[in-house]
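The following note sets out numbered remarks for a colleague who is examining the model. Please read the points alongside the sequence and the coordinates.

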Amino acid sequence: MTTTATAPAVSAQRTPTARPTSRFRREGVVKAMFLAPAALYILLFFGYPVVKNLVMSFQEYTTKTFFTGEAPWVGWENYATVVNSGLFWPAMLNTALFTVGSIAGQFVIGLALAVFFRRRFPLSGFLRAMLLLPWLLPLIVSSATWRSILDQDSGILNEFLASVGLGAVPWLNSPDVALIAVILVNIWIGIPFNVTILYGGLQDIPEELYEAAALDGATGWKSFWHITLPNLRPVINVVLVLGVVYTLKVIDIILGLTNGGPANATQTIAIRSYQSSFVDFEFGVGAAFSNILILISLVFAIFYLRGNRKQVDE
Amino acid sequence: MTTMAIVTDGAAKRRATRRSGRDILFTALGVAFLAIMLFPVYWMFNASLQPSGNTLTASLLPLNPSFAGYEKAFADQGPNLVTSLVISVGTVVFSLAIAAPAAYALAQFRYRWINVALLAVLIAQMIPGVVIANALYAAYNDLGMLNSIPGLILADATHAIPFSIMILRAFMMSVPPSIIEAARVDGAGHVRAFWSIVLPVAKNSLITAGLFAFLFSWSDFLFALTLTTTDDITPVTLGIYQYLGTQVANWSAVMATAVLSSIPAIVLLVIAQRYIAAGATGGAVK
């Protein structure tokens, strides 16, 4: 592997004096041993799956494969199945709506709360810490809880709506509202992450900037637009791109709330990938779906890496 | 002189009163925001204590708490909670054993390709879990590792290892190379210096990474769902999902299980608050 190949060269370069070769070769081996387990793990549990998925997506890989060991090559057939499945474009649209809606809601509310908690007042640190709770709960727990809250007949939300004179909403049972309900829950889950990161970014903006602006008469909204937002931009980029990459792959929340229904109203590419592989046992089709997901994530990941390059180079 | 002093004193006092008034307003607003955000968590507790097991009759306060939901939850899900605990502790140990040495190497050794390695770790975190599940299912099936605790530990570590490497590296960058050099001059090898100098210094970051490894693994649902085919190994997240299919008429049992599954997150947030905060912000730097 690369580690063992380059390590001796590095140590040789660092100690050009005449020492026994075996000494720094051993040094190189010891150094490489620190990285070897992690490198091996990442190769086996990230590298292999990505390659395997790519290969599988060109094979007829089904339950039969597990008995016969045969997975015939089918070329682009799985991708054709995916695109022609009738659920592909709706799932793409749902993925886009789910992602954009979730990110917009999480970000706006997260930023508002971060700005709010930037003020020092009694208990602010404690309250901000407790705000993290929804982020730390297992997603399936949140899904189950919200499913009881959103229940059409007995959920507390509809009970509340009824008490203020509004009709019951079939939150998870109607194809027209289910996606909105799922987005609302995902916004709730994502707020703590946004608050935490944006709050960290706000802390790094020097107080003098605000003081100088206040002298020029810029306070409140003005200082928010002209100082907070521009200075926060690198952090905002990170939050948005990470948010998109995380939201694209969401499965737990949707499976727990609606299972992709009703009438496929909450099907996303990630859910399609899961269901093709593990419900229909068509692993080739599932792999094709997930490769499309990787491709979309990759586009955003490149944005992230470009924005983050300075940090990594540091 | 004296009048001046009195004037400034009065102004300061006025400012102080105004501040305490605003303080109270802001604290009240903060409490209100928190109450809205945490209402679902409260509702989970409340619903878990409802007697009929039905949210239809749920009152806003559990005035007549019933523990029937917890009895059923313990009877059905008790073993699953133990399974989750075993898997999560295993993931913590395995992840730290892999990530800590790698983080040390990436922080303290000089490699020319270090940016490539960091990039690989970064990208690894972005790969959708379903991609990993898809490939691991096939591989585990061949290796006989489906329905096994080691199989789930290895898979769950995909959440924890890249995250831990990043968190631990960020910390180990701040360990002064001079103390490592000093140990090396005294004749300690890399392994010795790492074990008896760096790890003790990095204790807090190890706790942070370990806590998150635990939470990630405890929360895992996708691998539990895909890499098990029988009921032999059922982490509690999968237990909740199965409940959602069969027990939605008995919400108090479902919610009691949800409460029990939330305990690690709640305990860690209250007791280990500063580690969680460190991890949450560290997670963004990754």
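**Domains and chain contact**

1. The domain assignment of chain B gives two parts: domain 1 covers 2-48 and domain 2 covers 69-281. It should be kept in mind throughout that this is a predicted model.

2. How far apart do the C-alpha centres of domain 1 of chain B and domain 2 of chain B lie? The separation of these centres is 38 Å. Contact between the two domains involves four residues of domain 1 of chain B and eight residues of domain 2 of chain B.

3. Together, domain 1 of chain B and domain 2 of chain B bury about 530 Å², and carbon and sulfur atoms account for 78% of that area. On the side of domain 1 of chain B, the residues that lose the most area to domain 2 of chain B are Met44(B), Phe45(B) and Ser48(B), which together make up 82% of what that side buries.

4. The residues of domain 1 of chain B that touch domain 2 of chain B comprise three nonpolar, one polar and no charged.

5. A record also bears on chain B: the UniProt annotation "domain: ABC transmembrane type-1", from an unreviewed entry, covers residues 81-272 of chain B. Over residues 81-272, chain B is 80% helix and 0% strand. The end C-alpha atoms of this stretch are 21 Å apart.

6. Turning to the two chains, how much area do chain A and chain B bury between them? The figure is about 8400 Å², with 76% of it on carbon and sulfur atoms. The contact draws on 92 residues from chain A and 97 residues from chain B.

7. Between chain A and chain B, the count of salt bridges is zero. Across the interface of chain A and chain B, however, the rule finds eleven residue pairs in polar contact, with both residues of each pair at pLDDT 80 or more.

8. Which element supplies the largest share of the side of chain A that touches chain B? Helix H2 (residues 21-56) of chain A does, with 18 residues. By residue class, the side of chain A that touches chain B divides into 62 nonpolar, 17 polar and 13 charged.

Notes
Residues numbered from 1 in each chain as written. Chains lettered and ligands numbered in written order. Predicted model: local features only at pLDDT ≥ 70, side-chain atom pairs only at ≥ 80, totals over all residues. Heavy atoms only, no water. UniProt positions renumbered as here; feature names shortened; annotations may be inferred. Helix = DSSP H or I, 4+ residues; strand = E, 2+ residues; numbered from the N terminus. Domains from an automatic or database assignment. Contact = heavy atoms within 4.5 Å. Buried area = accessible area lost by both parts, 1.4 Å probe. Nonpolar A, V, L, I, M, F, W, Y, C, P; charged D, E, K, R; others polar. Salt bridge = Lys/Arg side-chain N within 4 Å of Asp/Glu carboxyl O. Polar contact = N/O pair within 3.5 Å; in protein donor to acceptor, adjacent residues only side chain to side chain.
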